[in-house]
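Here's a walk through one protein model, helix by helix and core by core. Have the viewer open as you read.

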Amino acid sequence: MTADFSHTLLAELIAINSVNPAYGGPGEAEVAAFLRDTLRTAGLEVFSQPVEPGRENVVGVLPGRDRTRRVVLEAHMDTVGVEGMTVPPFEPTIRDGRLSGRGSCDTKGGLAAMLAAVLDLAAAGEPPACDVWLAAVVDEEHAYRGVLALVDGLATAGGTTAAAIVAEPTGLRIVSATKGVLRFRIHFAGRAAHSSRPWLGVSAITAAARLVLALDQRHAELAEAAGHPLLGPATGSVGLIRGGVQVNIVPERCELAVDRRLLPGEEADSVLSAYRDLAESTAAACGATATVQTLLLDETLETPLDAAVVRVAGAVCETLGLPAEAIGVPYGSDASKLSRRAGVPSIVFGPGSIDQAHAAEESVPLEEVMIAAAFYRAFLLRFE
């Protein structure tokens, strides 16, 4: 296969609208059909994992010498929406060595590189040490339902899943640790009153404002605490506040939304409990009440640096002239679910910068896509 085969695959993937239905798009069905046809044409076994009506994961299997073990290459098919984009979202365009379009960076560049590597090994007749599952999953950009179905599928498939690589834009760096995220909403209930007689009411906005100041202090303390060697400190921020009805009514309701980035070793329940205690005590001091509702929980990832998947990835990077040291990143991916829920040693690796993900001018360097394909191919042949 030619060196730019991954570029051709990427252009074909970008041309397919796979915006997640949560953001008004058609979903992943057309990309899934393209992948099924491409993998079957190459002679690979292909099966689907239903996730919800009209949406399913696609898994292509490249047989290895030991059929009882497998390596998973995983990438998501869905993208975020296209509102506000300043480049044509579904017309792949090359400029200054970069291919642009929605999903080019997050994460069709990685998917194309993985697909190119697997197809190249199949065409060359070079079986890796163990089976390879190329898993293209749905719904990463919204509720992670695709990777959860993949985790269930691994549990029922038998054998051993020895390693997983998840494609996300890491700038061709090995990522072995990621922060988790806990998002929650705090509802304040006060008592309404006419603004000419405010002493008859209890302002939910006042209670919320006092909590915002307390949260800012707590989050500043996080920044000063000892952090993770690869991830730094935990962080937190208040991202939304809504309250009141009109200017001449003491507000009865107000709510905050908080984003808390977790470090490996932190337990989400304990973290949330501490926030709940602070919210309730702050509200009570104002004569109001506070309740806390969890919006999202995504686990952390921390794969030991001496794990085989990290060591082999580092060795491959050295041969390709890439940095071989593993790093940590503050954002999450499907890798945490594969690691925490399926017990699979996992890393994240892919072309492009996270700064381009979801961007108005989303693009990915074509050279990085080609190098990523070489990395995945070499990793599969080297991993035992």
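## Starting at His-219

Let's begin with His-219, which sits in helix H5. This is a predicted model, so keep that in mind throughout. Is His-219 buried or exposed? Its relative accessible area is 10%, and the cut-off for buried is under 20%, so His-219 counts as buried.

What does His-219 touch, once neighbours within four places in sequence are set aside? The contacts are Gly-236, Ser-237, Val-258 and Tyr-275. For a sense of scale, pick out Ala-324, which is 105 residues away from His-219 along the chain. The C-alpha atoms of His-219 and Ala-324 are 33 Å apart.

## H5 against H6

Helix H5 covers residues 204–224 and helix H6 covers residues 268–285, and the two pack with their axes 9 Å apart at an angle of about 140°. Because of that angle, H5 is oblique to H6. The crossing of this pair is right-handed.

On the H5 side, the residues involved are Ala-207, Arg-210, Leu-211, Ala-214, Leu-215, Arg-218 and His-219. They meet Ala-274, Tyr-275, Leu-278, Ala-279, Thr-282 and Ala-283 of H6. Sorted by class, the contact of H5 with H6 has nine nonpolar residues, two polar and two charged.

## Two nonpolar cores

As a rule, nonpolar side chains in soluble globular proteins tend to be buried together. Here, the largest nonpolar core holds 62 residues. Which residues have the most contacts inside it? They are Leu-35, Ile-165, Phe-349, Phe-375, Tyr-376 and Phe-379. Helix H3, residues 104–124, gives the most to this core, with 11 residues.

Zoom in on Phe-379 and you'll find it touching Val-71, Ile-165, Val-309, Val-312, Ala-313 and Val-316, leaving out residues up to four places away in sequence. There's also a second, separate core of 26 residues. Among its members are Val-202, Leu-256, Ala-268 and Leu-278.

## H3 and its partners

H3 packs against H1, a helix spanning residues 5–14. Their axes are 8 Å apart and the angle is about 135°, which means that H1 is oblique to H3. H1 passes H3 in a right-handed crossing. From H1, the contact uses Phe-5, Ser-6, Leu-9, Leu-10, Leu-13 and Ile-14. Among the H3 residues they meet are Leu-111, Leu-115 and Leu-119, along with Lys-108. By class, the contact of H1 with H3 splits into 11 nonpolar residues, three polar and one charged.

H3 also pairs with H9: the axes come within 8 Å and cross at roughly 50°. That angle makes H3 oblique to H9, and the crossing is right-handed. H3 contributes residues including Gly-109, Ala-113, Met-114, Val-118 and Leu-121, while H9 brings Val-369, Ala-372, Ala-373, Tyr-376, Arg-377, Leu-380 and Leu-381. The contact of H3 with H9 comprises 13 nonpolar, two polar and two charged residues.

## Leu-381 in H9

Leu-381 lies in helix H9, residues 366–382. With 30% relative accessibility, Leu-381 counts as partly exposed. Leaving out neighbours within four places in sequence, Leu-381 is in contact with Leu-121 and Glu-126. Pro-53 is 328 residues from Leu-381 along the chain, and their C-alpha atoms are separated by 36 Å.

## Backbone spots worth a look

Most residues other than glycine have a negative phi, and most peptide bonds are trans. Where does a cis peptide bond turn up? One joins Asp-106 and Thr-107, with omega about -5°. Thr-107 is in helix H3.

Leu-172 has phi near 60° and is found in the loop between strand E7 (160–166) and strand E8 (175–178). Its relative accessibility is 4%, so Leu-172 counts as buried. His-358 has a phi of about 65° and is found in the loop between strand E17 (346–348) and strand E18 (363–365). With a relative accessible area of 42%, His-358 is partly exposed.

Note on methods
Residues numbered from 1 in each chain as written. Predicted model: local features only at pLDDT ≥ 70, side-chain atom pairs only at ≥ 80, totals over all residues. Heavy atoms only, no water. Axes fitted to C-alpha atoms, helices over the stretch in contact; angles between N-to-C directions. Helix = DSSP H or I, 4+ residues; strand = E, 2+ residues; numbered from the N terminus. Parallel < 35°, antiparallel > 145°, perpendicular 65-115°, else oblique. Left-handed = near helix turned anticlockwise from the far one by under 90°. Contact = heavy atoms within 4.5 Å. Nonpolar A, V, L, I, M, F, W, Y, C, P; charged D, E, K, R; others polar. Core = buried A, V, L, I, M, F, W, Y, C linked by side-chain atoms within 4.5 Å. Buried < 20%, exposed > 50% of the residue type's maximum accessible area, 1.4 Å probe, protein only.
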